[in-house]
Structures are given as structure tokens and as C-alpha cells.
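This report looks at charged side chains and how they pair. The sequence and the model come first.

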Amino acid sequence: MTKRVALLRFPGTWSERDFQHAFSLVPGVETEILWHAEAKLKGFDAAILPGGFSYGDYLRAGAIAKISPAAAELKRAAAEGMPILGSCNGFQILCEIGLLPGALVRNDHLEFRCDWVRMRVEHESAWAKGLTGQFLRMPIAHGEGNWVADERVVAQVENRGQVVFRYVDDAGIATAGASPNGAIHNIAGIASGEGNVVGLMPHPERCAELLVGGLDGVSLLQAIA
Amino acid sequence: MKFKAIIHVRPKPEIRDPQGEAVAGALRTLGLSIEGVRAGKEIVVHFDAADLTAARAAVDTMGKELLANPVIEDYSADVAAA
């Protein structure tokens, strides 16, 4: 049966059409772009928070999105087990609204990074099925991708297997140099305790066909098909 | 009643503050002996409330619900009739 995926658009979201295109390459999935204030997720099988600069990143990246009616709708859907994926600014929003632990702060070197990164899939989640131990190569484009949390939360996400993606070097080692932003333990993406909500800084929608340099994004998007 | 709140949002002490570090580096290039810099933001809000207690409660809501992210930031506020 065809799976329906909601792509949420906030003022300043910029990657919803890229997601729409990428999902069009995945058989058995249809998408709809929803304006955040009117987003009703009933009838959808999954939801995406694409990247961008919601509300101009004013106050903090993702901060103002948390007072959108979409926040309550996402919390309700997440509690019902809906697979929800936030990429880049979408990851920042998921942390701000409390669906994922921690926060994303300024890259430690202060630069905006537009590059390709290599990640190791550390644990199973709704958006990374059967990929554990594999390496994925994906593009990033962010200035605030430095995931932080206090020691207790860091230990918790590590011990409970919520670290889904970790930046690694060509040898597959999570070295400081492999991280594009200084994130604690090279964390590139995390999942909620139940594993249905996942956030990551890289852009799976921008590596879903060879024309743009890679196919690894498809492995995530097809997880819900 | 009309109130004015001056709210200061700061990175928590244990959170690294790359912005403060960059400012510190820049200040050192001016030849100054800088030990360290922490950079936050000041947010000034004009608003209505029934009395000072209600105004303080409103500012608490602003701080907790939106202006500061408790994972990485602390805030403090001065509230006074405007």
C-alpha cells in the first residue's frame, strides 16, 4: 500500500521540495507539503521536518517553530508512534520542541560548513532499518550542528542506543577531525527513546540520485516505504 | 498596567560558547589582556499585566517557553512598571 508522507513547511523552510523530489524516487511513497500552522498529520504514515532557516533562525535555530501549532501536532503523532524525521533545521526544531534530547549550538569553529560527511550507522531506528554498522556519505550545510547535552543526557542516549549516526573518518573511526561541527562524541543524529523520531544534521534528500553525487539518502527515505 | 522586562539570556557555564571565544580572540588582537568572554543576548519586552506579580509570571513564561533553551541557556530578568 502506498505510504503517505507529510513534509512540514515553516516560514523559511527550504528543503521540502528536495524531499518531495527525493521521495518521488522511492517506490510506494507519496508526499504532501503541509503549511505548519494547518498541519494535520492524521491519515499520514510519516512526517518530515526538512531543513532551512525557519523564522530566519531568530532567537535560536528552530526556537520560534516550537510555538507553532505544528509542535503539538508532532508531539501527538510522535506519542502514537509515527515515524518522524528532522534533517538539519528539522533536527534543531525537534530538539527545541523536546521530541529529541539535547540542543544544537554553533559549530565549534564558528564556520558554516557545506560539505560531504561520512557517518556510521550505530543503531536501528524507524529511519535506519537494517543499516547498523554500515557507512553513509551525505551532504551537510549548517552553522549550528554542534549537538550538546549535559553529561547525564549524553550517557543516557549512548547507553540506550539512541545515537543513530556518528561522524567518522575514512577509516571508520570517530575522530575529532571527522566531525564537521564539534558535536559531543561525533553525534550526527539521534533517535527518541522509542526510535520513531530521528534527527540528523546531514541531508538525506540531497543524496538520493547519482546526479547529485550519491544515493545513500535513499536508504533512510525507503525505510518507511 | 504597562510593564517593561529586560531579559538576559546567557549560555550555561558548562556549555561552550564559541561566539564568546571568537569575541575574546578579537579583543585580544586589540592588544587587551582578555581572560575570557561569554556572549549572551538582551531582550527587552514591553507588555501589559494586571500587577507586578502577574508581570513576573508572564516573564517567567516568556523565559521558559521561548526565550531561553534550558538545555543550553540560563536567563534572568528585571521587571518594572513602564
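## A salt bridge between A:R206 and A:D18

In this predicted model, the side chains of A:R206 and A:D18 form a salt bridge at 3.7 Å, N to O (a side-chain nitrogen of Lys or Arg within 4 Å of a carboxyl oxygen of Asp or Glu). A:R206 sits in the loop between β11 (197-200) and α5 (216-221) of chain A and A:D18 in helix α1 (residues 16-24), so the pair ties together parts that are 188 residues apart in sequence. Helices (H or I, at least four residues) and strands (E, at least two) are DSSP runs, numbered from the N terminus.

A:R206 is partly exposed at 22% relative accessibility, and A:D18 is partly exposed at 34%. Buried means under 20% relative accessible area, exposed over 50%, and partly exposed in between (1.4 Å probe, protein chains only).

## Other salt bridges

A:R206 also forms a salt bridge with A:E205, with the closest N and O atoms 3.6 Å apart; A:E205 is buried, at 5%. A:R166 meets A:E158 at 2.8 Å, N to O. Here A:R166 is buried, at 11%, while A:E158 is partly exposed, at 22%.

A network of salt bridges links A:R60, A:K66, A:E96, B:K41 and B:E73. The count over all chains is 20 salt bridges.

## Basis of the values

Residues are numbered from 1 along each chain as its sequence is written, and chains are lettered from A in the order in which they are written. Local features need pLDDT of at least 70, side-chain atom pairs count only at pLDDT 80 or more, and totals for chains, interfaces and linings use all residues; side-chain values use heavy atoms, leaving out hydrogens and water.
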